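Colleague: Could you take me through this one? I am new to it.
Modeller: Gladly, here it is.
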Amino acid sequence: MLSAAHRMRRGDEFAEAIRRGRRAGRPALVAHFSVRDVDEPPLVGFVVSRAVGGAVVRNKVRRRLRHLMRSRVHSLPRGSLLVVRANPPAASARNELLAAELDVALERLLRRRGSGS
RNA sequence: CGAGCCGGCCGGACGGCCGCGUCAGGGCGCUUCGCGUCCUGCCGAGGAAGGUCCGGGCUCCACAGGGCAGGGUGGUCGGUAACGCCGACCCGGGGUGACCCGCGGGAAAGUGCCACAGAGAGCAGACCGCCCCUCCUCGGAGGGGUAAGGGUGAAAGGGUGGUGUAAGAGACCACCAGCGCCCACGGCGACGUGGGCGGCUAGGCAAACCCCACCCGGAGCAAGGUCAAGAAGGGGUGUUUCCGUCUGGAAGCACCCCGCGCACGGCGUUCGAGGGCGGCCCGCCCGAGUCGUGCGGGUAGACCGCUUGAGGCCACGAGCAAUCGUGGUCCUAGAUGGAUGGCCGUCGGUCUGUGGAGCAACCCUCCACAGACGCACAAAACCCGGCCUACAGGCCGACUCGUCCG
RNA sequence: GGUCCUGUAGAGCAGCUUGGAGUGCUCGCCACCCUGUCAAGGUGGAGGUCGCGGGUUCAAGUCCCGUCAGGACCG
């Protein structure tokens with residue numbers, strides 16, 4: 001479970017990551033990523049729409065994603081804004097699949113940034 | 001043993017590791033309050049938390065009075081904070097029965113509707129038929145009577161038998177059904193039972209308008225409050241001083257109320273816009289601005305409300321019951337981008353397969369082994385009481401019917 | 001938290017007011033005609049649990065109650 005320091009809470013932070021950040025899509029999830037020029041811990045937010053399922057399903061999807069992010073936050077640079085949006089397939093996906101897709105998405109976002117733009 | 005019916009309850013159990021949230025304690029850091037961080041400990045979703053169909057608590061706003069709308073409920077009595085909920089009973093319907101179902105007031109206040117078919121469908125109605133009379137080319141035609149029979153329809157204006165008649169008819173009579181009124185008895189009451197009288201008979205629909213009785217102010221925890229932040233002021237009341245002195249004016253202080261700017265347009269200041277008044281009107285009070293559209297600007301942080309309550313459990317008592325009273329005992333989520341996740345073990349469960357046993361036999365039951373499946377419906381968001389809906393599987397109790405045995 | 005709308009043929013709709021044989025519109029579909037062929041056009045035809053369950057009524061797509069799904073708006 002992700003600690004409180006890394007939780008994205010403000011609406012404008014979500015808006016910045018989604019509107020101005022890079023995006024990497026997978027069948028089960030979409031990741032939005034941007035970096036602010038501030039010396040703060042990386043923030044991670046989750047978006048699970050009603051299309052994914054009922055309240056129980058949505059809660060569980062968000063908690064599983066948050067758990068998977070726990071071991072991956074350290075790879076994000078300081079000042080990062082990351083929003084993970086879940087798609088309907090995430091509801092029935094097993095954890096290994098969810099983790100694999102999350103890794104692919106993160107790897108793409110970070111590599112693209114590293115190669116310079 | 002097999003069918004069934006009603007009620008109550010459970011909603012996997014135990015444990016390990018890593019995390020998350022509230023609270024408590026402790027350590028460390030920063031500039032004190034406080035905040036951040038780390039450690040330890042307690043606790044951490046439901047029977048429906050759901051749908052939002054009702055009823056309340058709570059909070060704010062409104063509330064002289066009258067009238068008209070609007071919405072809801074609909075047998076009686078009781079229970080309750082209240083209800084459209086619950087209980088008991090009554091009536092009607094269903095079932096062999098336990099029991100179940102019912103928006104269950106009024107159709108002789110009024111209006112309206114009853115398609116098609118049919119002769120006729122709402123102060124009834126002669127198509128066929130039956131009877132009488134007249135005419136006649138002896139096939140029939142015309143006129144009249146008749147609601148017993150046929151036919152149509154969801155529904156055709158009581159039923160059976162008799163008297164009667166040209167044929168018939170509540171025209172008359174007996175019994176029955178049903179209606180209205182009266183009386184007696186039982187019941188708090190809905191109503192039931194019995195008796196008498198009346199006229200011979202009255203269609204259905206109010207989940208059509210409507211009538212009757214009763215109930216209902218509006219908004220909702222994003223209520224509401226405190227602090228912070230934010231553009232510039234305006235008004236009222238009281239009081240003091242001064243001017244003035246019939247009314248009044250100016251300044252200071254205190255308290256209270258309202259309030260961002262610009263542009264365009266509507267209405268309005270004798271004829272009264274608008275507000276109090278948030279359904280509308282009258283009426284009363286205040287009253288010179290107010291309403292709409294567009295553009296621009298500001299805020300969108302923290303804390304309180306926030307969980308002890310018509311509360312749960314147990315015992316006794318009252319009551320057929322719903323429920324209530326008394327005593328004891330317990331305190332068990334409070335998040336705010338929203339806390340329950342991940343990995344694993346043992347047992348339980350479900351499914352599949354194999355073997356064995358019970359049995360006349362099995363697709364039934366039980367036992368053992370192996371494999372698969374994390375395994376019903378679904379998650380608090382101010383709090384309660386109900387209703388409705390979803391739900392794998394299981395437990396307990398009362399009762400009914402059938403079969404067999406005693 | 002509050003308020004409202006929709007569900008009818010493969011698709012989009014009308015019909016609900018004031019109940020009376022599921023009636024109809026546009027596109028699509030099928031067959032035939034037209035053409036050397038296709039399209040367009042013409043003729044004919046098929047296609048319906050009226051979201052679901054219950055009730056009122058002689059009779060329900062229509063009225064009433066419940067329920068499910070989808071959608072919109074306000075704070």
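Colleague: How do strands S3 and S4 run where bridges join them?
Modeller: Strand S3 (residues 43-48) and S4 run parallel and are joined by 6 bridges, strands being DSSP E runs of at least two residues and helices H or I runs of at least four, numbered from the N terminus, and pairing requiring at least two DSSP bridges between two strands. This is a predicted model, where local features need pLDDT of at least 70 and side-chain atom pairs count only at pLDDT 80 or more, while totals for chains, interfaces and linings use all residues. Residues are numbered from 1 along each chain as its sequence is written, chains are lettered from A and ligands numbered from 1 in the order written, and side-chain values use heavy atoms, without hydrogens and water.
Colleague: What stands opposite Phe46 in S4?
Modeller: That is Val84.
Colleague: And in which sense do S2 and S4 pair?
Modeller: Strand S2 (residues 29-35) pairs with S4 in the antiparallel sense over 7 bridges; His32 has Val83 of S4 as its bridge partner, and Ser34 has Leu81.
Colleague: What is the strand order in the whole sheet?
Modeller: The open sheet has 4 strands in the order S1-S2-S4-S3, with mixed pairing. Strand S1 (22-25) and S3 stand at the edges with a single partner strand each, so one side of each has no neighbour in the sheet.
Colleague: Switching topic, is S4 mostly covered or uncovered?
Modeller: Strand S4 (residues 80-86) is mostly covered, with 6 of its 7 residues buried, meaning under 20% relative accessible area (1.4 Å probe, protein chains only).

Conventions. Buried means under 20% relative accessible area, exposed over 50%, partly exposed in between (1.4 Å probe, protein chains only).
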